[in-house]
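Here are my notes on the model you sent.

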Amino acid sequence: MCIYNYKTIIIPKGRQFMKATEVVAKLQQQFPHQPEYIQAVSQVLGTIEEEYNKHPEFEKANLIERLCIPDRIIQFRVNWIDDKGNVRTNMGYRVQHNNAIGPYKGGIRFHSSVNVSILKFLAFEQVFKNSLTTLPMGGAKGGSDFSPRGKSNGEVMRFCQAFMRELWNYIGPDTDVPAGDIGVGGREVGYMFGQYKALTHQFVGILTGKGQEFGGSLIRPEATGYGNVYFLENMLKTRGINLAGKTVLVSGAGNVAQYTIEKLIQLGAKPLTCSDSDGFVYDPDGIDADKLAYIMELKNIERGRIKEYAEEYPNAQYFPGQRPWGIKADIATPCATQNEINGEDAQKLIDNGVIAVSEGANMPSTPEAVKIFQDNKILYCPGKASNAGGVAVSGLEMSQNSERLHWTREEVDNYLHRIMNDIHENCVKYGTQADGYINYVKGANVAGFLKVAKAMMAQGVGM
Ligand code: NDP
């Protein structure tokens, strides 16, 4: 990442154009301890600068700062009681970034690494992602440094209830609708929904990713992973390549990784790896449907560690403390967390002949890695486009809740497929370069930005 010396930066007043490096430098001065946020902003601004400057009215309205700085950040203390009766304290946050095109929408992350910088980067990215889905959703993100790992069910429930006791007043079905993310799955969403209902006496679509029995949408658990693979298929098609028979490196073993693997198997590809924060497993025979069922049971029910896979399937190898990017394969799809592919990893993937990288996670590739992918002209798509299927189906869950109807699996999957195709088409429209190479980063950023910018301009300076 570039480090700018802010002391040399003076942005002249009344100028009619925006310079991305100057804006990033100014933000770095204002928020010096937020590297992930600065990284995300820097990556987006570099690609929208040209389009932005075609509209002098944007600069006059100071649109760029209004777009980069969240509308508000709600920060609170969460007190909860563990199984031994001790009172424990964690931090809780909600970053409401931009609601120009719809109510704030974005996941909640429970992980020990959560801080304001990470949530600001995620909320900023969410604005563009939600815009790309074509559905009316603004961008937000929230979470806590509480980690469900190693906690009992009762502890997780008490934490979720305490978290919602602080958050409930700032959210609502037409205001801000959270969902899951790392560490927040169906169990946590259920507990938070129950607490919201208890506090407000209202049964409304306040969260998405709910259980089927109380307003959840079919295909929501699958949506991010399935959408990721639908997008990957579209990218491969631009070069006449079929997914069937291709070997794929997957990282993570949570929601996104599981359903990415499921769809890859259904479409005839061969996933070779998956991981958790302790290491990765490599199965040269490929992860098939039975093995995936084992992973789902292990991670979702038993809440075990991925190394147990190698004990269950002796042909597989476990690599503690490592990431899977050194294994030879045709395709890579990071589905764990941010900055999990660095420049060195990216070079290994290229040297091993990878043809496509489709991001299931948010910002899993560092700027150095992205540059290597693009310099080598492989198919590379940023998460804000390829993992937008999750929030898209969350948007469909909101629609179903509003009309008090439940759509069939097929209906939702068809919508998801269509939305992923539309996002791909938009990326091609705004990202195709003179030499024919599709810069999916630019395409996704410009397409996502334009809609939000036009809505902000139309609504005046109030927010
Ligand atoms: P889960 O909590 O279900 O799974 C996360 C997986 O990633 C786990 O295997 C976890 O391992 C691993 N992981 C988490 N942190 C790290 C780390 N620091 N280093 C290595 N591995 C790590 O989360 P999701 O699958 O929901 O989310 C994964 C990614 O996808 C995130 O970037 C999220 O923002 C993004 N995403 C999720 C969406 C969704 O619908 N769920 C929508 C769009 C994007 P361990 O068990 O050891 O913690």
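1. Of the 463 residues of the protein chain, 57% count as buried (under 20% relative accessible area, 1.4 Å probe, protein chains only). Keep in mind that this is a predicted model: local features need pLDDT of at least 70, side-chain atom pairs count only at pLDDT 80 or more, and totals for chains, interfaces and linings use all residues. Residues are numbered from 1 along each chain as its sequence is written, and side-chain values use heavy atoms, without hydrogens and water.

2. The protein chain contains 17 helices and 13 strands. Both are DSSP runs, numbered from the N terminus: helices are H or I with at least four residues, strands E with at least two.

3. Now the second largest pocket. Its lining has 30 residues; Ser42, Gln43, Thr47, Pro367 and Val370 lie nearest the centre. A pocket here is an open set of points on a 1 Å grid where a 1.4 Å probe fits, with protein on both sides within 12 Å along at least five of seven lines; lining residues have an atom within 4 Å of a point.

4. Which helix gives the largest share of the lining of the second largest pocket? It is α2, with seven residues. Helices supplying at least two residues each include α1 (20–30), α13 (367–375) and α17 (440–458).

Note on methods:
Buried means under 20% relative accessible area, exposed over 50%, partly exposed in between (1.4 Å probe, protein chains only).
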